[in-house]
Amino acid sequence: MQRYAINILLCVAAVVLIVLAQTETLDKYVLNIIMLIGINCIFAVSLNLVNGYMGEFSCGHGGFMCVGAYVGSLLSVAFFTDSKLFGAALFAPELAPFLFPLVLFGAMLAAALAGLIVALPSFHTRDDYLAIITIAANYIIISIIENIDAIGGSRGFSGMKKTVNAMSDLIDLPWMLIWTLIGVFVCVVVIRRLMTSTYGKGVSAVCQNEVAAEMMGVNTNHVKIMAFMVSSGLGGLAGVLYAHVYGYVNAQSFNLLKSTEGLVMVYLGGMGSITGVLMAAVAFTLLVELLRFIIPGLNTVFHDLNLLPASYQLDQIWTWVIIPLTLILLMQFRPEGFLGNRELTHVFPRLKRWITLK
């Protein structure tokens with residue numbers, strides 16, 4: 001029982017969050033921030049599989065999130081709502097809470113297949129070429145979606161809120177919070193179980209020395225493609241949850257800046273550390289939100305001190321000056337990130353008696 005204490009505590013915390021959301025003790029803004037933290041956790045942990053555990057350098061992970069967001073949104077609208085695009089709904093809206101996992105799985109599968117398409121040519125190259133190919137793939141995915149007028153093109157796509165409302169009409173619960181928490185749990189367990197499996201040992205071997213791994217009989221191409229597909233599929237899970245939380249999706253939400261956010265969270269937390277990346281995702285999301293309020297206050301302070309011309313106003317673009325600056329300072333003074341390649345149980349060994357991810 002003691003070994004599962006932290007797991008039980010986390011489950012209790014999740015139930016408390018759901019109860020607080022259900023009773024509207026948490027306002028919508030705080031609830032949205034919590035769900036965004038969960039989505040960023042999934043996004044960052046999935047990217048950590050490739051960039052952290054496997055030692056490759058993928059810079060276009062936002063593209064796979066985009067695929068998951070759009071495919072999941074299209075499936076959601078086709079399954080549970082009447083629309084001009086698909087006509088009558090395939091299923092009764094009352095089935096939305098029970099069949100929504102199919103939407104999530106379809107989005108993950110589509111993103112994993114997109115990852116396969118990118119991985120097949122990518123892993124015939126070496127060194128930094130994967131970064132270039134994934135950046136190109138990110139742009140290609142966004143360009144293709146923006147040029148399909150049937151799904152909104154550059155205007156974006158909406159209609160997913162009807163699915164969320166259908167779930168709430170049947171059983172009044174904060175469904176997207178529940179699905180987001182389930183998504184975080186699934187993502188962490190999948191990555192953890194993968195990395196403790198035979199495939200995971202192959203991933204670690206590729207990270208350490210790909211040539212030596214091949215000499216020892218590891219099918220490195222197979223291992224890398226498998227890891228890339230799992231990473232892409234979980235990135236797609238983050239995308240479909242993002243689309244349903246906000247009820248609207250636009251391809252530009254998943255551009256290179258979104259991919260950069262994932263990189264920041266991975267390197268901030270520590271490559272190859274699940275708990276480190278989870279901590280970084282929470283810290284990063286909160287920092288971005290805090291800057292929304294801090295930057296207007298800086299305008300007042302700087303103008304009062306005559307440090308800025310009266311006509312000049314700092315805007316939110318400075319968020320992406322402050323955050324990279326923070327990352328630069330981190331790389332200077334703690335290049336391994338929060339935890340490096342260690343977990344919290346390595347930093348605090350006594351936690352091993354209280355927690356298990358198996």
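This is a predicted model: local features need pLDDT of at least 70, side-chain atom pairs count only at pLDDT 80 or more; totals for chains, interfaces and linings use all residues.
Colleague: Which residues of helix α6 are buried, and on which side or sides of α6 do they lie?
Modeller: Helix α6 spans residues 160-170, and its buried residues are M160, T163, V164, A166 and M167. These cover an arc of only 155 degrees around the axis, which puts them on the same side of α6. An α-helix has 3.6 residues a turn, so residues three or four places apart point the same way. The buried residues M160, T163, V164, A166 and M167 therefore lie on the same side of α6.

Colleague: Which exposed residues does the face of α6 turned away from its buried side carry?
Modeller: The buried side is covered by elements that include α3, α4, β1, α7, α10 and β2. On the face turned away from that side, the exposed residues are K162 and D169.

Colleague: At what angle do the axes of α6 and α7 cross, and which residues make the contact?
Modeller: From α6 the contact draws on V164, M167 and S168, while α7 brings W175, M176 and W179; by class these are five nonpolar, one polar and no charged residues. The two axes come within 9 Å of each other. Their crossing makes α6 roughly perpendicular to α7, the angle being roughly 105 degrees.

Colleague: At what angle do α4 and α6 pack?
Modeller: Here A96, P97, F98 and F100 of α4 meet T163, A166, M167 and L170 of α6, a contact that divides into seven nonpolar, one polar and no charged residues. The axes are 9 Å apart, and the angle between them is about 145 degrees.

Colleague: Which members of the largest nonpolar core touch the most other members?
Modeller: This core holds 91 residues, and its largest share, 14 residues, comes from helix α2, residues 28-53. Apart from it lies another core of six residues, among them C59, L263, V266 and Y267. Leaving aside neighbours within four places in sequence, M176 is in contact with M35, F100, V164, M167, L241, H244 and V245. In the core of 91 residues, the members that touch the most others are M176 and I191.

Colleague: Is T180 buried or exposed?
Modeller: T180 is found in helix α7, and, not counting residues up to four places away in sequence, T180 touches M35, G38, I39, I42, L241 and V245. The cut-off for burial is under 20% relative accessible area. Because T180 has 2% relative accessibility, T180 counts as buried.

Technical notes. Residues are numbered from 1 along each chain as its sequence is written. Side-chain values use heavy atoms; hydrogens and water are left out. Buried means under 20% relative accessible area, exposed over 50%, partly exposed in between (1.4 Å probe, protein chains only). Helices (H or I, at least four residues) and strands (E, at least two) are DSSP runs, numbered from the N terminus. The arc is that of the directions from the helix axis to the C-beta atoms. Contact means heavy atoms within 4.5 Å. A nonpolar core is a set of buried Ala, Val, Leu, Ile, Met, Phe, Trp, Tyr and Cys residues joined through side-chain atoms within 4.5 Å. Axes are lines fitted to C-alpha atoms, for helices over the stretch in contact, and angles run from 0 to 180 degrees between N-to-C directions. Angles under 35 degrees count as roughly parallel, over 145 as roughly antiparallel, 65 to 115 as roughly perpendicular and the rest as oblique. Ala, Val, Leu, Ile, Met, Phe, Trp, Tyr, Cys and Pro count as nonpolar, Asp, Glu, Lys and Arg as charged, and the others, Gly among them, as polar.
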